[in-house]
Amino acid sequence: MNNTPESAALQRPSIILGIESSCDESAAAIYGESGLMAHALHSQVALHADYGGVVPELASRDHIRKLLPLIERVRAEAGNPELTGIAYTRGPGLMGALLVGASVAAGLGMSLDVPVLGVHHMEGHLLSPLLEDEPPAFPYVALLVSGGHTLLVAVEDLGRYRLLGRSVDDAVGEAFDKTAKILDLGYPGGPALAALATSGDPAAHDFPRPMLARPGLDFSFSGLKTAVMLTVKNNARSPDSDADIAASFQQAVVDTLVAKCARAIEATGMQRLVVAGGVGANQALRAALVERGARDGFSVSFPRQAFCTDNAAMIALTGYLRRSEFRRGIAGAEAVARWPLDELAPPMAEAPTADRTGTA
């Protein structure tokens, strides 16, 4: 009979600690066979607000202060279970911020004699809807919309991702933030612009719907941002006019994203759309996608609001789904600022499909 530490670890129920520190959120979570056990997040919005954007050095220092207390908190909330693995965000992201999370994971893994695994931040977003009570089944088309990424991905199975389209310039979240800055809405701009848009007329300005007149699934938002800038420059400002600009900008973005998602569904033949990333919390986008799905006959799934932005629950989940890749031994603090999604592969020994979300 094999009584090695490795075999003993494999016999225990899998309980994974997730650590997220890719940018301006410090987060920790614990995921086990029964699902998500605990999660906690600290946002650095107030820290960076005076600078109008994320300051990498300040972000890294704040992760150093916040990660260990967050880890202690989620372990206590989960009942201090015996961990079988630690998953952390290896990349992509801000290098200094990533290294903090990687170092904490490596050090904690060594002190607890627990294996450590670096996971892909974007894969976490792609899989985040699996945290819900009724997770979508593979395969599905994923729209990943955040401050740094705008991607359409065919998610064929765990680790099997096919890039369908991407932004050739600004990510959609970046376009929201830059447009908000033009309208003097402060930081972070995206939520403030969406709030202002609720009191405006989305038909007040006929802003361009970029790249809809040509085939394909790529995006471009820099021209739309420029159109907003010229409109603001050439017209008198007022609260009502700013609201109309915000609503018209948001409508142009929503129309573009919805049309490209419908194209992707048609091109792949898949019948499920998953939306993830911070912009996935936008209510106008959610409503428009649900309406288009009902019209065209495809389902639409979203993670809950708390799991649209960066979080550790999706990192712990990804670690759990890739638990066959954990290897014992002292882990290095590995981090990569850039990590193409197409470099990922399925786990070496995949868990049964019915167990992927912790439910039978």
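Which residue's side chain meets that of R292 in a salt bridge? The points below take this up.

1. First, the ground rules. This is a predicted model: local features need pLDDT of at least 70, side-chain atom pairs count only at pLDDT 80 or more, and totals for chains, interfaces and linings use all residues. Residues are numbered from 1 along each chain as its sequence is written, and side-chain values use heavy atoms, with hydrogens and water left out.

2. The partner of R292 is D296, at 2.7 Å from N to O. A salt bridge here is a side-chain nitrogen of Lys or Arg within 4 Å of a carboxyl oxygen of Asp or Glu. Both residues sit in helix α10 (residues 283–296), four residues apart, about one turn of the helix. Helices (H or I, at least four residues) are DSSP runs, numbered from the N terminus.

3. How exposed is this pair? R292 is partly exposed at 22% relative accessibility, and D296 is partly exposed at 38%. Buried means under 20% relative accessible area, exposed over 50%, partly exposed in between (1.4 Å probe, protein chains only).

4. Now look at helix α3 (residues 56–77), where E57 and R61 lie four residues apart, about one turn of the helix. Their side chains form a salt bridge of 2.9 Å, N to O. E57 is partly exposed at 46%. R61 is partly exposed at 47%.

5. K178 and D170 also form a salt bridge, with their closest N and O atoms 3.4 Å apart. D170 is buried at 8%, whereas K178 is partly exposed at 32%. A network of salt bridges links D170, E174, K178 and K225.

6. The total for the structure is 18 salt bridges.

Definitions and conventions
Helices (H or I, at least four residues) and strands (E, at least two) are DSSP runs, numbered from the N terminus.
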